[in-house]
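Take a moment with the fold below.

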Amino acid sequence: MSTLPVYPWRLAPDGYATRRQLRARNLRPGGQGVAAQLERSRRRRPPLVAYLYRVDLAKPVRPMTPARWAALAKANAARRTCPDCRRDAGYVIPTALGTCAPCAYPEGIA
């Protein structure tokens, strides 16, 4: 078992990137494993860790198909639909409430 190379925060060599950095370049890890990690020490807490992937092995992001766009629109609509009154609330319903504001507070908010 080999250990991952560990680099200090902001000092990773060229050729490595985090998932977010890959996405900013329209790339994805593409099935490759974690190649290295960054660590940022913190007082009295465990260090922050960021996983790095090799840029040369990254693959392009898959394009959105019409079916994927439709599925995403349906999922977002479901997050906006109140389960009690079945109306589109116009916003994503908070999971803490579980319903739209008029159904959660029928007497109104004071």
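A pocket is found on a 1 Å grid over the protein atoms alone: it is an open set of points with protein on both sides within 12 Å along at least five of seven lines. Its lining residues have an atom within 4 Å of a point. Grid points are joined across faces, edges and corners, and a volume is the space filled by probe spheres set on the points.

This is a predicted model, where local features need pLDDT of at least 70, side-chain atom pairs count only at pLDDT 80 or more, and totals for chains, interfaces and linings use all residues. Residues are numbered from 1 along each chain as its sequence is written, and side-chain values use heavy atoms, with hydrogens and water left out.

The largest pocket has a volume of about 180 Å³. Its lining includes W9, Y16, A17, L38, A50 and L52. Strands β2 and β5 each supply at least two residues of that lining. Strands here are DSSP runs (E, at least two residues), numbered from the N terminus.

Now find the sheet. Two strands pair if DSSP finds at least two bridges between them.

Look at β5 (residues 45-54). It runs antiparallel to β2 (residues 16-17), and 2 bridges join them. Here Y16 has R54 as its bridge partner. β5 also pairs with β4, again in the antiparallel sense, over 6 bridges.

How many salt bridges does a search of the whole structure find? There are 2. A salt bridge is a side-chain nitrogen of Lys or Arg within 4 Å of a carboxyl oxygen of Asp or Glu. R54 forms one with D56, and the closest N and O atoms are 2.7 Å apart. R80 and D88 meet in a salt bridge at 3.4 Å, N to O.

Is D56 buried or exposed? Buried means under 20% relative accessible area, exposed over 50%, and partly exposed in between (1.4 Å probe, protein chains only). D56 counts as exposed because its relative accessibility is 56%. R54 is at 33%, so R54 counts as partly exposed. R80, at 26%, is also partly exposed.

Finally, turn to V34. It sits in the loop between β3 (27-28) and β4 (36-42). V34 is partly exposed, with a relative accessible area of 31%.

Technical notes: Helix = DSSP H or I, 4+ residues; strand = E, 2+ residues; numbered from the N terminus. 1 Å grid on protein atoms, 1.4 Å probe; cavity = no way out; pocket = protein on both sides within 12 Å on 5 of 7 lines; lining within 4 Å.
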